[in-house]
Amino acid sequence: LARRLLFCSYCELDGGQVDIARDRMVQCISILITIFEPSLVKHESTIELMDDAWMELMLSMEEIPQHRAIARHVAKLAILTHSCRWTDPMQRPGYMA
């Protein structure tokens, strides 16, 4: 389900439906965090899916200047939940994966 939600969010982003896409990304992340203990996950596909969902959510917010503070908060949440490979919320998106 999480993988499908992320795929749908990609499609919605391509279609300009940013708010709906963000909702789906948050649902994807919520499922992954609920089902798996991120610091214990050994499945590379799950780790990549979680990285992708966090990245896309952050990038969708960073595109709008007024949402950049929220984007940094999203990055900080990803770091605090050990759900990504980021080390600092101020990293540039291209270096976060």
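This is a predicted model: local features need pLDDT of at least 70, side-chain atom pairs count only at pLDDT 80 or more; totals for chains, interfaces and linings use all residues.
Residues are numbered from 1 along each chain as its sequence is written, and side-chain values use heavy atoms, leaving out hydrogens and water.

The protein has four helices and zero strands, where helices are DSSP runs of H or I with at least four residues and strands are runs of E with at least two, numbered from the N terminus. Its elements therefore read α-α-α-α from the N terminus on. Of the 97 residues, 37% are buried; buried means under 20% relative accessible area, exposed over 50%, and partly exposed in between, with a 1.4 Å probe and protein chains only.

Helix α2 covers residues 18-35, 18 residues in total, and reaches 26 Å from its first C-alpha to its last. This is close to the expected 26 Å, a span taken as 1.5 Å times one less than the number of residues. The buried residues of α2 are Ala21, Arg22, Met25, Cys28, Ile29 and Leu32. Seen down the axis of α2, these fall within an arc of 120°, so they line one face of the helix; the arc is that of the directions from the helix axis to the C-beta atoms. The cover over these buried residues includes α1 (2-14) and α3 (44-62). On the face turned away from the buried side sit the exposed residues Asp19, Asp23, Thr34 and Ile35.

How values were computed: Contact means heavy atoms within 4.5 Å.
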